[in-house]
Amino acid sequence: MDQTTLIGLLAATCTTAAFVPQVIAILRTGNVDGISVMMYSIFTVGIALWLSYGILVNDLPMLLANSISLLLAISVLSLTVYKRWQKKKNLCEDTQIATA
């Protein structure tokens, strides 16, 4: 493995690992108040495009990092949307019970 690929793999590891604490925090606390759905939506599309680019140029660090990053970003986005939907649903149910 050449030095350029090694640097790419190390960079990919760092940037991909940066998502893990956010996913863990959401799973542990269920708190998604500070997550921007718009930002994560745009970011997820960007990662998908970087993954496509990595496939086209056959770049291993790009393929690995963006495959894992895409899964993690989709996880954050999905959990955020689900938790907010669940919170809104519970709020509506609580309001219906209180007015009954």
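**Loops, helix faces and a pocket**

Me: Where does G34 lie, and what makes a stretch of chain a helix here?

Reply: G34 is located in the loop between helix 2 (20–29) and helix 3. Helices (H or I, at least four residues) and strands (E, at least two) are DSSP runs, numbered from the N terminus. The model is a predicted one, in which local features need pLDDT of at least 70 and side-chain atom pairs count only at pLDDT 80 or more, whereas totals for chains, interfaces and linings use all residues. Residues are numbered from 1 along each chain as its sequence is written, and side-chain values use heavy atoms, with hydrogens and water left out.

Me: Why is G34 called exposed?

Reply: Buried means under 20% relative accessible area, exposed over 50%, and partly exposed in between (1.4 Å probe, protein chains only). G34 has a relative accessible area of 77%, and therefore counts as exposed. The C-alpha atoms of G34 and L79 are separated by 13 Å, although these residues are 45 apart along the chain.

Me: What makes the buried residues of helix 1 a face?

Reply: L9, A12 and T16 are the buried residues of helix 1. Seen down the axis of helix 1, they fall within an arc of 65 degrees, so they line one face of the helix. The arc is that of the directions from the helix axis to the C-beta atoms. The face turned away from this buried side carries the exposed residues Q3, T4, I7, L10, C14 and T15.

Me: What span is expected of helix 1, and what span does helix 3 reach?

Reply: The expected span of a helix is 1.5 Å times one less than its number of residues. Helix 1 has 15 residues and reaches 21 Å from its first C-alpha to its last, close to the 21 Å expected. Helix 3 (residues 37–57) has 21 residues and reaches 30 Å, close to the 30 Å expected.

Me: Why are the buried residues of helix 3 said to line one face?

Reply: Y40, T44, I47, L51 and G54 are buried in helix 3. Their directions fall within an arc of 80 degrees seen down the axis, so they line one face of the helix. On the face turned away from the buried side are the exposed residues M38, I42, L49 and L56.

Me: Why are A73 and L77 assigned to their accessibility class?

Reply: A73, in helix 4, has a relative accessible area of 0%, so it is buried. L77, also placed in helix 4, has 18% relative accessibility and therefore counts as buried. A73 and Y40 are 33 residues apart in sequence and 6.9 Å apart in space, C-alpha to C-alpha. For L77 and I35, 42 residues apart in sequence, the C-alpha to C-alpha distance is 8.5 Å.

Me: What lines the largest pocket, by residue, element and class?

Reply: The largest pocket is lined by 14 residues, of which A11, A12, T15, A65 and N66 lie nearest its centre. Helix 1 (3–17), helix 3 and helix 4 (60–99) are the elements that give two or more residues to the lining. By class, the lining has nine nonpolar, five polar and no charged residues.

Definitions and conventions: 1 Å grid on protein atoms, 1.4 Å probe; cavity = no way out; pocket = protein on both sides within 12 Å on 5 of 7 lines; lining within 4 Å. Nonpolar A, V, L, I, M, F, W, Y, C, P; charged D, E, K, R; others polar.
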